[in-house]
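The structure comes first, and the account follows.

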Number of protein chains: 2
Amino acid sequence: MNSDFVIAVHSLVLLAHLPEGMATSDEIAENVCTNPVRVRKVMSCLRKNGFLDTREGSGGGYKLCRAPEEITLADVYRSLAAGSLAPNWCSGDPKKDCVVSSNMAEVMAGVFCEADRQLEAYFERITIGSMLSGIKAKQQA
Amino acid sequence: MNSDFVIAVHSLVLLAHLPEGMATSDEIAENVCTNPVRVRKVMSCLRKNGFLDTREGSGGGYKLCRAPEEITLADVYRSLAAGSLAPNWCSGDPKKDCVVSSNMAEVMAGVFCEADRQLEAYFERITIGSMLSGIKAKQQA
DNA sequence: TCAACTGTAACTGATAATATTACAGTACCG
DNA sequence: CGGTACTGTAATATTATCAGTTACAGTTGA
């Protein structure tokens, strides 16, 4: 899977952590260790899915618009990485005579589709808020 | 994830399906739709993990050495794709002052590690035998 | 001793992931 | 107004990863 998901989660946790709940793409990029353009692309997607507001122009940036405890990793996963489990390579060939070769792609797709659901269910149990707590706990130790 | 896992599963199902339980890398590659070298690489790994025997030389090939119902997808996953869930890109920087940036990589790794376990648990419930049955059922429909 | 196999390494080409550059659009602030 | 500080997005370059190909040594059976 590409790391847009990681960038999104990191950014949301960061916003949740900041006193104002707000930051620019430059600040986020610096914190995440990537470039601002990429951050803006990911943020743009998060905005479309209603996790944050953006303000253009001077003094603008990104601001969380939901409680960190209400945003699950599953929400984020669905927004920008759903279905990323299955390799984009397909084995077998529907036109072949062999039962195995001709049906493998479909059966395998089913396996990965359900795996994706399992993964999503796991992510459902983790929130931006809980990740932030986890990080803060780590600091004290 | 790369598709070695898919090739391995397909190959094992194919072997389980063939009357003799045996095939050469050329035959498997043809069925899977890839090249023999790649098949041999994957098979070599499956042999090392005890799922099949190989016979070199004329008349050789690969042969299942365990019952299809006993080989789970988790076994295969562990053999050649474990840990493939996490993107190989890491966000944040341990050297930074910010709590979030400096701890994100570790916390994220934990999330993906557990996700990997979840995925493995799901794969534990699927066997080469059950996949073959699923394919045969599909044919009759 | 030949033909049919596996086991690997080295190389090539294709595709996907990431970073960079560039610029239009928007909002605040003097 | 006009300048500055932002976002949004397209186009391009760069790098990494994946897959296919070629080549050849080692093994086995006929």
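In sorting residues by type, Ala, Val, Leu, Ile, Met, Phe, Trp, Tyr, Cys and Pro count as nonpolar, Asp, Glu, Lys and Arg as charged, and the others, Gly among them, as polar. By that scheme the residues of the surface near DNA strand C divide into four nonpolar, 14 polar and eight charged, where near means that one of the heavy atoms of a residue lies within 4 Å of the strand. The model is a predicted one, in which local features need pLDDT of at least 70 and side-chain atom pairs count only at pLDDT 80 or more, whereas totals for chains, interfaces and linings use all residues. Residues are numbered from 1 along each chain as its sequence is written, chains are lettered from A and ligands numbered from 1 in the order in which they are written, and side-chain values use heavy atoms, with hydrogens and water left out.

**The DNA strand**

DNA strand C is surrounded by 26 residues, the closest being S3(A), T34(A), N35(A), R38(A) and S25(B).

| Protein side | Atom of DNA strand C | Distance |
|---|---|---|
| G57(A), polar backbone atom | base oxygen | 3.3 Å |
| R47(B), side-chain N or O atom | phosphate oxygen | 3.2 Å |
| T54(B), side-chain N or O atom | phosphate oxygen | 3.3 Å |

Two or more residues each are given to this surface by α3 (36-48) of chain A and by α3 (36-48), β2 (52-55) and β3 (61-64) of chain B, helices (H or I, at least four residues) and strands (E, at least two) being DSSP runs numbered from the N terminus. The largest share, five residues, comes from α3(B).

**The chain interface**

Four salt bridges are counted between the chains, each a side-chain nitrogen of Lys or Arg within 4 Å of a carboxyl oxygen of Asp or Glu. One of them joins K138(A) to E106(B), with the closest N and O atoms 3.2 Å apart.

How values were computed:
Polar contact = N/O pair within 3.5 Å; in protein donor to acceptor, adjacent residues only side chain to side chain.
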